[in-house]
Structures are given as structure tokens and as C-alpha cells.
Amino acid sequence: MKSIIVTLVLAFTASSAFAHGDVKCTTRPKAEWKPHTELAAKLTAEGWVIRRMEATNSCYEVYAKDPHGKRIEAFFDPVTFKRVKE
């Protein structure tokens, strides 16, 4: 039973780590990125409820509820703030 639980935990961890693949938003240097606080203000004004934001190598990754109340993980270009398809 213990080996089944360990196997399930490892499978879930591996699948969640690769859930969004290798999303690339921009190749521009970080010096050109707009502050994440501006993205947070924009999304909040649009009705999003932000739980957490992170900067990846090329994107802002946002964990939030969208204006419809759906929990999502979304990626945004840090220069244009356009949402990037996963």
C-alpha cells in the first residue's frame, strides 16, 4: 500500500511540474520588463482576484480567480502584459 501511495505522489508531482510545458513570453532583457505591480493593478481592475504572482525566466505567472470566479494559472508577457497561450 505504501508503494502505491509513493507512486501516486511521484506521478502527480511530475505531471504538475510539466503541466504548462515550456511557456515563453519574451526574450527581452529583464531591464525592459514592467513592474509586476502594474500587472496586478491591471488584472485587479479587470475583476481578477490574485492569489500569487511569480516571475519565470520569460513570463509573469499568475495564480488567480478570473472575473468569472474560475481558479486559473495564467502567463503574461512582462513587457506587453498580453496573456500568453499555454
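Hi everyone. From the N terminus on, the elements of this protein run α-α-β-β-β-β, which gives 2 helices and 4 strands. Helices here are DSSP runs of H or I with at least four residues, strands are runs of E with at least two, and both are numbered from the N terminus.

A word on the source before we go on. This is a predicted model, where local features need pLDDT of at least 70 and side-chain atom pairs count only at pLDDT 80 or more, while totals for chains, interfaces and linings use all residues. Residues are numbered from 1 along each chain as its sequence is written, and side-chain values use heavy atoms, with hydrogens and water left out.

Now some overall numbers. Of the 86 residues, 29% are buried, meaning under 20% relative accessible area with a 1.4 Å probe and protein chains only; exposed is over 50%, and partly exposed is in between. The accessible surface comes to about 6100 Å², and carbon and sulfur atoms hold 60% of that; the areas come from the Shrake-Rupley method with a 1.4 Å probe. Taking contacts (heavy atoms within 4.5 Å) between residues at least 6 apart in sequence, 40% join residues at least 24 apart.

Let's look at the sheet. The 4 strands form an open, antiparallel sheet in the order β1-β2-β3-β4, where pairing requires at least two DSSP bridges between two strands. At the edges sit β1 (49-55) and β4 (83-84), each pairing on one side only. Strand β3, residues 71-76, pairs with β4 over 2 bridges, and F76 stands opposite R83 in β4.

What lies across β1, β2 and β3? That is helix α2, residues 36-45, running at about 155° to β1. For that angle, axes are lines fitted to C-alpha atoms, for helices over the stretch in contact, and angles run from 0 to 180 degrees between N-to-C directions. The buried residues of α2 are L39, A40 and L43. Seen down the helix axis, these fall within an arc of 100°, so they line one face of α2; the arc is that of the directions from the axis to the C-beta atoms. Their cover includes β1, β2 and β3. After α2 comes G47, with a positive phi near 100°.

Finally, the disulfide. A search of the whole structure finds 1, with the cut-off being cysteine sulfur atoms within 2.5 Å. The partners are C25 and C59, with their sulfur atoms 1.8 Å apart. Why does this pair tie together parts that are 34 residues apart in sequence? Because C25 lies in the loop between α1 (2-17) and α2, whereas C59 lies in the loop between β1 and β2. The torsion about the S-S bond is about 100°, so the disulfide is right-handed.

Are these two cysteines buried or exposed? C25 counts as buried at 15% relative accessibility, and C59 counts as buried at 0%. Leaving aside neighbours within four places in sequence, C25 is in contact with S58, C59, F75, F76, D77, P78 and V84. For C25 and S58, 33 residues apart along the chain, the C-alpha atoms are separated by 5.3 Å.
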